[in-house]
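Visitor: I am new to this structure and would like to be walked through it. Please show it to me before we start.

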Amino acid sequence: MKPVKKTKAEEPELEPLCCCEYIDRNGEKNHVAACLCDCQDLDEGCDRWITCKSVQPETCEKIMDTISDRLRIPWLRGAKKVNISILPPLFLLPVFLRVASWHFLLGVVVLTSLPVLALWYYYLTHRRKEQTLFFLSLGLFSLGYMYYVFLQEVVPKGRVGPTRLALLTCGLLLILYALYRAKKNPGYLRNPAHNDRALSGSQVECLNRKGPEKPKGFPSADLSGGLNNRAPKDETKDSPRTSAGSPAKGKDDWCAKCQLVRPARAWHCRICGICVRRMDHHCVCCVGESNHQAFILALLVFLLTSVYGITLTLDTICTDRSVFTALFYCPGVYANYSSALCFTCVWYSVIITGSMAYIFLIQLINISYNVTEREVQQALRQKTGRRLLCGLIVDTGQYNRGFLRNWHQFSTLGAHPFHHPAEDIV
């Protein structure tokens, strides 16, 4: 008789969720109607607030975690979680800009405080190694709101023709397309020992029922991965390591978080929780080998479109002055609310455009010297780079092959994702 093959016991299928049900952070089934029910942390915080007692920071963090977990919208096969970080720009940006258009002094205060608050939130989230959609939401909503004000307040004045409006609209669409390309896979390194595909949000919630075990090498595997977590060199030689797409050569680094050997210039992103090929930096997305070109294109198109929109607006509300003069001296602009709102939005756009121009300049310099922003920061800490122009240029000298060859290498990034020349092996 033929031996009977043993089959693995099939796991019981999970019960399908209705549109208003979801799996909470504790792995239990919950309902969107119970958003404020059975919340001990919120009850305790309210009691201490009513009795004029101080609320502990740990309690505030638990309350925010509970709110972010229960903020859901009904959806097919279970309610979808709404990231709370995308909501503040949708409500606060229009309010701040309209308040700033009431008076010149209010405009100075609001437009000065906005960058300060954004930088504070940036350093706060990066210090805690948290993923946030705040800056992506702020960028996209700023584009949409500036375009809305342009259509409502500038176009009806009659100085912007259909051709100029079409050019500005095309520029806006190109920005969105470039951002879509930049948000794609930056060149994640995955361990070939794990053949699992990327998990969807519903699958992750279902896995939370079974326990905290998470697959290695995925963005959700470990969001607290440090940048300097490396194994000793002796371990990389004695123990077998698995290469990610390329054989282990020279002194390739072993990533203890992703459990794989990293090729040259790859690094572990502590925000995404996964290694990225030729990682440059992390802002609204992780910028690496596969999307660095799209990121540069998005910056370039944004700068051209923003400058063009600012020029059209100033030419409309200050007709008898040049663009540069009207930016600093436009008498009578606060005489009516429409021109004041346009002038406030212009200055808001100038602040954003100036910061993006600085990032674009730094990126051009780094590409010209074939160095990433991550390598620049490491060279500054270790004092191994050559600083030029008061630190604006940092040349590590490790991968610099000349201006033309550096730009040629950048133009071919991502064409052969698994090929690395021998000169780049460290």
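Some questions and answers on this structure follow.

Guide: This is a predicted model, in which local features need pLDDT of at least 70 and side-chain atom pairs count only at pLDDT 80 or more, while totals for chains, interfaces and linings use all residues. Residues are numbered from 1 along each chain as its sequence is written, and side-chain values use heavy atoms, with hydrogens and water left out.

Visitor: How many helices and strands does the protein chain have?

Guide: Helices (H or I, at least four residues) and strands (E, at least two) are DSSP runs, numbered from the N terminus. On that basis the protein chain has 13 helices and 12 strands.

Visitor: What share of the residues of the protein chain counts as buried?

Guide: Buried means under 20% relative accessible area, with exposed over 50% and partly exposed in between (1.4 Å probe, protein chains only). Of the 426 residues in the protein chain, the buried share is 37%.

Visitor: Which way does α9 run relative to α11, roughly parallel or roughly antiparallel?

Guide: Helix α9 (residues 292-317) packs on helix α11 (residues 337-368) with axes 9 Å apart and an angle of about 150°. Axes are lines fitted to C-alpha atoms, for helices over the stretch in contact, and angles run from 0 to 180 degrees between N-to-C directions. Angles under 35 degrees count as roughly parallel, over 145 as roughly antiparallel, 65 to 115 as roughly perpendicular and the rest as oblique. The angle therefore makes α9, relative to α11, roughly antiparallel.

Visitor: Which residues of α13 make the contact with α11?

Guide: The axes of α11 and helix α13 (residues 403-411) come within 8 Å and cross at roughly 110°, so α11 is roughly perpendicular to α13. Contact means heavy atoms within 4.5 Å. From α11 come Leu 364, Ile 367 and Ser 368, and from α13 come Phe 403, Asn 406, Trp 407 and Phe 410.

Visitor: Is Thr 305 buried or exposed?

Guide: Thr 305 lies in helix α9. Not counting residues up to four places away in sequence, Thr 305 touches Leu 168, Gly 171, Leu 172 and Ile 175. Because its relative accessibility is 13%, Thr 305 counts as buried.
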